[in-house]
Amino acid sequence: MIREDHPVEPSRLTLFNRHDELDQLALWLESFASANALPAQAVFRLDLVLTEAITNMMDYAHGPGAEELIHLTGSVQGDHIDIELIDGGPAFDPTTYKPATLPKTLEEATPGGLGIHLIRQYTSHLEYRHENEHNVLNLRLPIQYTPQRTHRQG
Amino acid sequence: MDILFDEASHNPKRMSLSGRMDTKGTGLIELRFTGLTATDSDNVMVDMSQVDFIASLGMRLLLSCAKAKSARGGRMVMFGLQPMVLEALETAGIGSLIPLCADEQSALASLAG
């Protein structure tokens with residue numbers, strides 16, 4: 001069912017680029033979900049996508065010297081959630097990471113690449129650009145999501 | 001995040017996880033979970049019914065331990081997963097690598113099969 005569009009101001013959060021700040025993300029998510037009356041399933045998927053994207057930034061888009069900040073903006077537009085993540089670390093494009101080739105057996109499985117695979121599966125739109133020395137990641141998540149059959153490659 | 005291990009259990013070992021299997025939660029249990037699951041050949045049953053969130057780091061821990069168990073000739077199965085956690089694991093492709101059973105009975109049947 002498509003939600004009636006009740007415009008709510010975009011919600012913003014600024015995090016320091018370190019893992020203990022993920023607690024702040026949890027608080028923001030709770031508030032954002034409540035303000036937009038998001039169903040529990042959408043909150044779970046948003047939580048997962050943001051955890052993966054922001055953890056990637058904290059792990060990889062991190063330069064030497066002073067702490068960098070990560071800026072999050074979220075808004076609900078009808079039947080989807082729009083998220084923008086901006087950080088000032090070194091250029092890091094998560095969308096160019098090679099999609100996981102899903103293993104057929106436990107023996108050939110390697111744990112890497114799961115995060116970006118999950119982000120790709122749950123988002124209907126994923127776009128990166130490097131602008132004014134900042135990484136800008138835009139994601140769009142449908143509020144109602146139909147799991148796709150996971151395709152094996154290779 | 002917490003682990004409850006049935007000390008009296010032996011092949012299959014039985015344990016349950018509870019809480020959020022995010023970066024912090026996974027870090028809290030990683031050492032103990034690895035020690036309980038990945039260091040011998042006993043089969044393992046993991047009750048996941050009290051896990052209400054999982055991210056890729058948590059999935060990696062499960063995958064690594066299941067692989068180590070398999071390399072030692074044993075098997076790890078999980079059961080009782082909450083619907084969104086199950087969806088996340090299946091979306092990640094882990095459902096086809098580690099048995100994700102509905103309940104304890106089907107987990108036991110999976111180990112016997």
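Reader: What share of the contacts in chain B with a separation of 6 or more comes from residues 24 or more positions apart?

Author: Two residues are in contact if their C-beta atoms, placed from the backbone, lie within 7 Å. In chain B, residues 24 or more positions apart account for 72% of the contacts with a separation of 6 or more. This is a predicted model, in which local features need pLDDT of at least 70 and side-chain atom pairs count only at pLDDT 80 or more, while totals for chains, interfaces and linings use all residues. Residues are numbered from 1 along each chain as its sequence is written, and chains are lettered from A in the order in which they are written.

Reader: Which pattern does chain B follow along the sequence?

Author: Helices (H or I, at least four residues) and strands (E, at least two) are DSSP runs, numbered from the N terminus. Chain B reads β-β-α-β-α-β-α-β-α, with four helices and five strands.

Reader: What radius of gyration does chain B have?

Author: The radius is taken over C-alpha atoms, and the globule rule is 2.2 Å times the number of residues to the power 0.38. For 113 residues a compact globule would have a value near 13 Å, and the 12 Å of chain B agrees.
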